[in-house]
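Hi,

Here is the structure I said I would pass on.

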Amino acid sequence: MKARSVKTFAPATISNIGPGFDVLGIAINRPGDSVLAGRRRESGVSLTVKTNYPNVPLDARRNVAGHVASLMVEEFKLPFGVDLVLYKRMPIGSGLGSSAASGVASALAVNALLPKPISKPDLLPFVLEGERLACGAPHADNAAPSLLGGACLIRSYNPLDVVSIPTVSSIIWVVVHPCLTVETRKARSVLPKTVPLRSAVHQWGNVGGLTVGLATGNARLVGKCIEDIIIEPRRARLIPGFRAVKDAALHAGALGCSISGSGPSVFSVASSPRAARAIATAMVNAFLRVASVRCDVYISRINQNGARISGIQHR
Ligand code: HSE
């Protein structure tokens, strides 16, 4: 039976996970964006945005959810148009994979309206075009885990090859989002164009170790490998209080701490829910003390399922 309208949820993500710039990411349980997509007779895509956050593009062509839906409507030559409602529950420029979550939620919803829906992994190229619109770079380290869940390694971009890392869910992830904006485009513009071989060797040692730590549920190894000597030093200065927040997290027992995505969110790794709460408090207090900035806190294990359909109506 054909679906008339579909509602989806796509989770936030921690991308890079320290050393894995553009190649590593995990999905967490919340926050996340939702999209309601319905068929309509007129062609094209309409967009309504429901949000408490500023600066979310309202024009379907400039909004990631609208853009991804339009690309799919064109690609599959749909004989109908799509009305989209985006429930935007995280701010833009947060380091939580906000644009990816909008794109993923939209792609999954439109997919369910197709006469022959395609597989989740095949939706990824559409979502990456949304990422290109949002920041100029079709990076997949937020999009893949938000769509597929779990931990993802982008083994190659050309051709695109995403490897799901099997994970043991013994690790607790603490994400502290200071109410500030760092545009991904800007945070990418401060990065070096070349990297000394010695730094690359150090970094890929940590990426390998992190992958093993995730797969074996070894929180200590994961924490030790959350060391980013290439990207973090450049981006730290875009986040007021970052050094103090990281010191506070490590002092409170975090096994590792770095910037989530392109910031300003900062994440830590903990080995128990109790430790996670203490680390979150220390990080929030440090942001307040040093930068006078208020924070949202998310404590989560890895979300294994990624984006999902939360409601469907048939004709
Ligand atoms: N890998 C991307 C970056 C993630 O660090 O720019 C952006 O959310």
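Predicted model: local features only at pLDDT ≥ 70, side-chain atom pairs only at ≥ 80, totals over all residues.

Let me start with R243, which sits in helix α9, residues 242-251. (Helices are DSSP runs of H or I with at least four residues, strands are runs of E with at least two, and both are numbered from the N terminus.) R243 comes out as partly exposed, at 48% relative accessibility. On that scale, buried is under 20% relative accessible area, exposed is over 50% and partly exposed is in between, with a 1.4 Å probe and protein chains only.

Residues are numbered from 1 along each chain as its sequence is written, and side-chain values use heavy atoms, with hydrogens and water left out.

Now the overall picture. The protein chain has 10 helices and 11 strands. Its radius of gyration is 19 Å, close to the 20 Å from the globule rule for 315 residues, so the chain is as compact as a globular protein of that length. (That radius is taken over C-alpha atoms, and the rule is 2.2 Å times the number of residues to the power 0.38.) Along the principal axes, the C-alpha atoms fill a box of roughly 60 × 40 × 40 Å. Of the 315 residues, 56% count as buried.

As for contacts, meaning heavy atoms within 4.5 Å, take those between residues at least 6 apart in sequence: 75% of them join residues at least 24 apart. The accessible surface of the chain is about 13600 Å², and carbon and sulfur atoms account for 53% of that. Those areas come from the Shrake-Rupley method with a 1.4 Å probe, and for residues only the protein chains shown count as cover.

On charge, the chain carries 36 positive and 18 negative charges, and their mean positions are 5 Å apart. Lys and Arg count as positive and Asp and Glu as negative, with His and the chain ends not counted; each charge is placed at NZ of Lys, CZ of Arg, CG of Asp or CD of Glu.

R185 is another arginine to click on. R185 is in helix α5, residues 184-189, and at 44% relative accessibility it is partly exposed. What does R185 touch, leaving aside its neighbours within four places in sequence? The list is R132, L133, A134, C135 and G136. R132 is 53 residues away from R185 along the chain, and their C-alpha atoms are 9.9 Å apart.

S199, in helix α6 (residues 197-216), is buried with a relative accessible area of 18%. Again leaving out neighbours within four places in sequence, S199 is in contact with I229 and I230.

Then the cysteines. How many disulfides does the structure hold? The count is 0, where a disulfide is a pair of cysteine sulfur atoms within 2.5 Å. For C257, the nearest cysteine sulfur belongs to C295 and is 12 Å away. C257 is buried, at 1% relative accessibility. The sulfur of C295 has its closest cysteine sulfur in C179, and at 6.6 Å that is too far for a bond. C295 is buried as well, at 14% relative accessibility.

Finally, some backbone details to check by eye:

- R30 and P31 are joined by a cis peptide bond with omega of about 5°, and P31 lies in strand β2, residues 24-40.
- N158 and P159 are also joined by a cis peptide bond, with omega of about 5°; P159 is in the loop between β5 (151-157) and β6 (160-165).
- D22 is not a glycine but has a positive phi of about 70°. D22 is in the loop between β1 (3-15) and β2, and it is buried, with a relative accessible area of 12%.
- N55, again not a glycine, has a positive phi of about 65°. N55 is in the loop between β3 (45-51) and α1 (64-75), and it is exposed, with a relative accessible area of 67%.

That's everything from my side. Over to you!
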